[in-house]
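Subject: Structure handover

Hello,

Here is the structure we discussed, with the sequence. My notes on what was found follow below.

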Amino acid sequence: MPSNKTMLTGGHFQDAEGNVLASGYLKMVLSSDGGISGVGMICAGITITINLDANGSVIAGQYVWGNDVITPVNSYYTVTGYTAAGQPAWGPNLQQVISGATFDVGTWVPNTAISWTPPATLQGPAGPTGAQGPQGIAGPAGSAGTNGTNGTNGTNGTNGTNGTNGAVLTATLTMTAAQIYAADSTYVPILAGIAATRIFPIALLGVVGSGTGYTTLQVLLNCHSANYATINYSSNDVQTFTPLASAAITSTYDLTDQAWVLYMGGTKSLTPTASITWTLLYVLA
């Protein structure tokens, strides 16, 4: 006599504060393809959606096949509970449904098998892969396997790539016309100092945004009381590039721990509205 599907009931899913998964849903995926005597083949590649009511319980009239009538044995469902907004809230957990008129999902114990026949010759090797199902995940051996992935923390050793201080880095500062006006005759930081490290600029680039530009604005690149580059905006230049000057690294002008700043000077005429973005190219030593 062919088997019948089982209607799911109950659940009353809720969060740790007691807020039920009102109008949420469950997603159930069968562990592997199987067959049911007198029925046919059951496809595992199709995800089943089980809708929940206002109390977080299964709405009546929703059916699935019990795992105990599916061959081969030891099948299970991967079940994930979601809020009405689609936020994962429960699982994913490996669960089984036992055939009958109804099955109360509120009796589930996460990742615990209900009907299981461990193959004597395959039980050992199946555990590490977890492919054999709830056994590996429910037992401490399965969870310990995920701890092994913590060994990938060793990749933090790639922090050693920070040794590529010779790589060209960039620092960017964007100011509106109002901010530039307000900063007249002051120093504005573009790159903070780094402890026990010298910052060596390579080039400074200033790009004017859309809007009314500048005719007599001068911007100086300064570090530790020394000027290293000048950008002059005249005739509404869109973009101006000036190579950096050099200065002896003495106790007076040592770049160690020092920030790099832009000095705003000159007359900003034509009532400019354009912003300016400065990009500083530099290396560390």
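Strands here are DSSP runs of E of at least two residues, numbered from the N terminus. By that definition Pro92 belongs to strand β8. The peptide bond between Gly91 and Pro92 is cis, with omega about 5°. Please keep in mind that this is a predicted model.

Confidence

The average pLDDT over the chain is 80, and 75% of the residues score at least 70. Residues 120–127 have a pLDDT below 50, and beyond near neighbours in sequence this stretch makes 5 contacts in the model. Where pLDDT is low, the predicted coordinates should not be read in detail.

The sheet around β8

Strand β8 is part of an open sheet of 4 strands, with antiparallel pairing and the order β5-β2-β7-β8. Because β5 (48–51) and β8 (88–95) each have a single partner strand, they stand at the edges, and one side of each has no neighbour in the sheet. From one strand to the next the twist averages 20°. Inside that order, β2 (residues 25–30) pairs with β7 (residues 77–82) through 6 bridges in the antiparallel sense. Tyr25 has Tyr82 of β7 as its bridge partner.

Ala89 is another residue of β8. Is Ala89 buried or partly exposed? Its relative accessible area is 44%; buried would require under 20% and exposed over 50%, so Ala89 counts as partly exposed. Leaving aside residues up to four places away in sequence, Ala89 touches Leu21, Gly81, Tyr82 and Thr83. Gln14 is 75 residues from Ala89 along the chain, yet their C-alpha atoms are separated by 8.5 Å.

Backbone geometry

Most residues other than glycine have a negative phi, and most peptide bonds are trans. Some places in this model depart from that pattern, and they may be worth a look.

- The Thr71 to Pro72 peptide bond is cis, with omega near 0°. Pro72 sits in the loop between β6 (63–64) and β7.
- Asn74 is also found in the loop between β6 and β7. Its phi is positive, near 70°, and at 10% relative accessibility Asn74 is buried.
- Asn111 has a positive phi of about 60°. This residue lies in the loop between β9 (102–104) and α1 (123–129) and is buried, with a relative accessible area of 16%.

Nonpolar cores

Which residues have the most contacts inside the largest nonpolar core? They are Tyr233, Trp260, Leu262 and Trp278, in a core of 32 residues. The elements that each supply at least two residues of this core are β10 (169–175), α4 (177–182), β11 (187–191), β12 (199–208), β13 (216–223), β14 (226–233), β16 (260–267) and β17 (276–284).

Leu262 shows how the largest core is connected across the sequence. Not counting residues up to four places away in sequence, Leu262 touches Leu173, Thr186, Tyr187, Val188, Ile190, Leu204, Val219, Leu220, Leu221 and Trp278.

Cysteines

How many disulfides does a search of the whole structure find? The search finds 0. Cys43 has 53% relative accessibility and therefore counts as exposed, whereas Cys223, at 0%, counts as buried.

Regards

Methods:
Residues numbered from 1 in each chain as written. Predicted model: local features only at pLDDT ≥ 70, side-chain atom pairs only at ≥ 80, totals over all residues. Heavy atoms only, no water. Pairing = 2+ DSSP bridges. Axes fitted to C-alpha atoms, helices over the stretch in contact; angles between N-to-C directions. pLDDT = per-residue confidence, 0-100. Contact = heavy atoms within 4.5 Å. Disulfide = S-S within 2.5 Å. Buried < 20%, exposed > 50% of the residue type's maximum accessible area, 1.4 Å probe, protein only. Core = buried A, V, L, I, M, F, W, Y, C linked by side-chain atoms within 4.5 Å.
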